[in-house]
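Here is a friendly walk through one structure, from its ligand site to its backbone and helix packing. Please have a look at it first.

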Amino acid sequence: MRIAQRARAGTSSLRVLHACAELYPWVKSGGLGDVAAALPPALAALDVDTRVILPGFPGFLDAFTEITDVVRLATPYAGERVRIARARLPDSGRYVYLVDHPPFYDRPGNPYAAPDGSDWPDNHRRFGLFSWAAAALARGADRDWRPAILHCHDWHGGLAPAYLAAAPPAESRVATILTIHNLAYRGIFPAAVFPELALPASFYAVAGVEFFGQVSFLKAGLFFAEQLTTVSPTYAREIQTPEFGWGLDGLLRTRASRLTGILNGVDPRIWDPRHDPNLPQPYDSETAPTGKRAAKAALCARLGLAEAQEAPLYGVVSRLTPQKGLDLLLAALPELVAGGGRLALLGSGDADLEQGFADAARANPNSIAVTLGYDDALSHLIIAGADMVLMPSRFEPCGLTQLYALRYGALPLVRRVGGLADTVVDASAVTLAEGTATGFAFDEASPAALLATATRAERLRREPRVWLYMMRRAMTRDFLWEASARRYRELYRHLLGGAPATAERVNAAAIAAGAG
Ligand code: ADP
């Protein structure tokens, strides 16, 4: 009965509110910002009326237009009322909401951390308020637009389903989804913060927000959201095991019937070698050999690498964290370089990895170029100019960089985990014979396994016809948002219809609806 009511909560089209802390190009620390930028318009193209609620970071307030008050709410987080504003995106004109509370959000740089790299000490309040505001909108705080579904992303919005669970039933009829973009970030805080969150005391429990004596915002979402998704089918299975579960695998196993994996996609407005202003010349799968040769030359010139078209050029664009397995690359680097390899790395993160790569570049200035920092334009040139893009990740929920690499004809060399396993077809005797190979994958997280795979790849690179075939195959594997959005739409429909949205059902329905 409640569900039937919910299904009618919108008008003719299905209304979905996304709660997300990042939105490319204004605020982005990784793939989450890309997803928040691409999924809502892809859903809108399928007639899903989609809006996003964001924290009021200065990067948003400075860029968005037509910022107007929706409501000022008394919250548990501030003495004064907090403004929820509606705004338009300057590029598309789509509506978004901002939680405008400068004491929490008007801080420079990284959305989560202080300039010294440490998490802001009041992050539980910053993202508690954000979750609270998302729940308020879901309960109808904007009288002109009330969603049927609240779709939260990662731990930042993880408390929103808990706030809705705490609300009176008549007000909590919105359906909730939580998407896990990375289970490693669990939003953990000391138990002492719990009273500041203004949740019922009974929610501090294993059946609630408690996580081994602390509070976890992500766990709250995993427990209270009706539907869970993550960003690849393999990762959906992996996170139910202790190896990848970060202590949450038990809970995820109990919720397995409500957990599906839906791959992310590529946004062709941003990533398309046929129309990329960062490349010296455009190219497609037919003109890739010349286009990539020009990109390789431009990349080497820009980075001061000795140009040698015949030398294998490896590209890396990544956060430098243990997740990404780049310590394996650092250990393998002397041998890769000794074998004639070149490396163009762009990234930032852990101090020891930054130092290690910077030292390697100083020792091998002709072969290794390391750019520490964040650089959008250079990331495009690396993906276009590299022969191979390396992602030796220890775990990878989906991974976008390998999808960009496939599209740009830079064959991904990856560890066979998560979304990498789902999107890269290793060049084996079978896949080469079938013509389905698009890259290289290995299992063991060791420098030796990485090196062996690089050697295997280099052997094939020396067979230009095989390599070109693989490149063309890779470039035409369309991982586009439209297919992902169809799956999310099916999920929404199942959810409002009251049926558990298992992977089989969502896929079957999406395929029947033309997702391919
Ligand atoms: P994650 O979300 O774990 O960081 P993904 O592969 O899903 O990994 O997404 C990473 C995104 O961030 C890609 O768009 C990638 O191009 C971009 N990126 C990562 N590091 C940098 C950097 N230093 N400069 C520019 N873009 C970067």
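A backbone N or O atom of Asp375 lies 3.1 Å from a nitrogen atom of the ligand, a polar contact in the sense of a pair of N or O atoms within 3.5 Å. Please keep in mind that this is a predicted model, in which local features need pLDDT of at least 70 and side-chain atom pairs pLDDT 80 or more, while totals for chains, interfaces and linings use all residues. Residues are numbered from 1 along each chain as its sequence is written, and side-chain values use heavy atoms, leaving out hydrogens and water.

Altogether 19 residues surround the ligand, counted when one of their heavy atoms lies within 4 Å of it. The closest are Gly31, Asp34, Arg319, Lys324 and Gly373.

Next, the backbone. Most residues other than glycine have a negative phi, and most peptide bonds are trans. Tyr24 and Pro25, however, are joined by a cis peptide bond, with omega about 5 degrees. Pro25 sits in the loop between strand S1 (14–19) and helix H2 (31–44). Helices (H or I, at least four residues) and strands (E, at least two) are DSSP runs numbered from the N terminus. Asp154 has a positive phi, near 60 degrees, and is found in the loop between strand S6 (149–153) and helix H6 (160–166).

Now to the helix pairs. Axes are lines fitted to C-alpha atoms over the stretch in contact, and angles run from 0 to 180 degrees between N-to-C directions.

| Helix pair | Angle | Axes apart |
|---|---|---|
| H10 (288–303) and H13 (376–385) | about 130 degrees | 8 Å |
| H17 (447–461) and H18 (464–475) | about 105 degrees | 7 Å |
| H11 (326–338) and H12 (351–363) | about 25 degrees | 11 Å |

How does the angle of about 25 degrees class H11 and H12? It makes H11 roughly parallel to H12, given that angles under 35 degrees count as roughly parallel, over 145 as roughly antiparallel, 65 to 115 as roughly perpendicular and the rest as oblique. H11 passes H12 in a left-handed crossing, meaning that the near helix is turned anticlockwise from the far one by less than a right angle. Contact (heavy atoms within 4.5 Å) involves Leu326, Asp327, Leu329, Leu330 and Leu333 of H11 with Leu353, Gly356, Phe357 and Ala360 of H12. By class there are 7 nonpolar, 1 polar and 1 charged residues; Ala, Val, Leu, Ile, Met, Phe, Trp, Tyr, Cys and Pro count as nonpolar, Asp, Glu, Lys and Arg as charged, and the others, Gly among them, as polar.

H17 and H18, at about 105 degrees, are therefore roughly perpendicular to each other. Ala457, Leu460 and Arg461 of H17 meet Pro464, Val466, Trp467 and Met470 of H18, a contact of 6 nonpolar, no polar and 1 charged residues.

Definitions and conventions. Polar contact = N/O pair within 3.5 Å; in protein donor to acceptor, adjacent residues only side chain to side chain.
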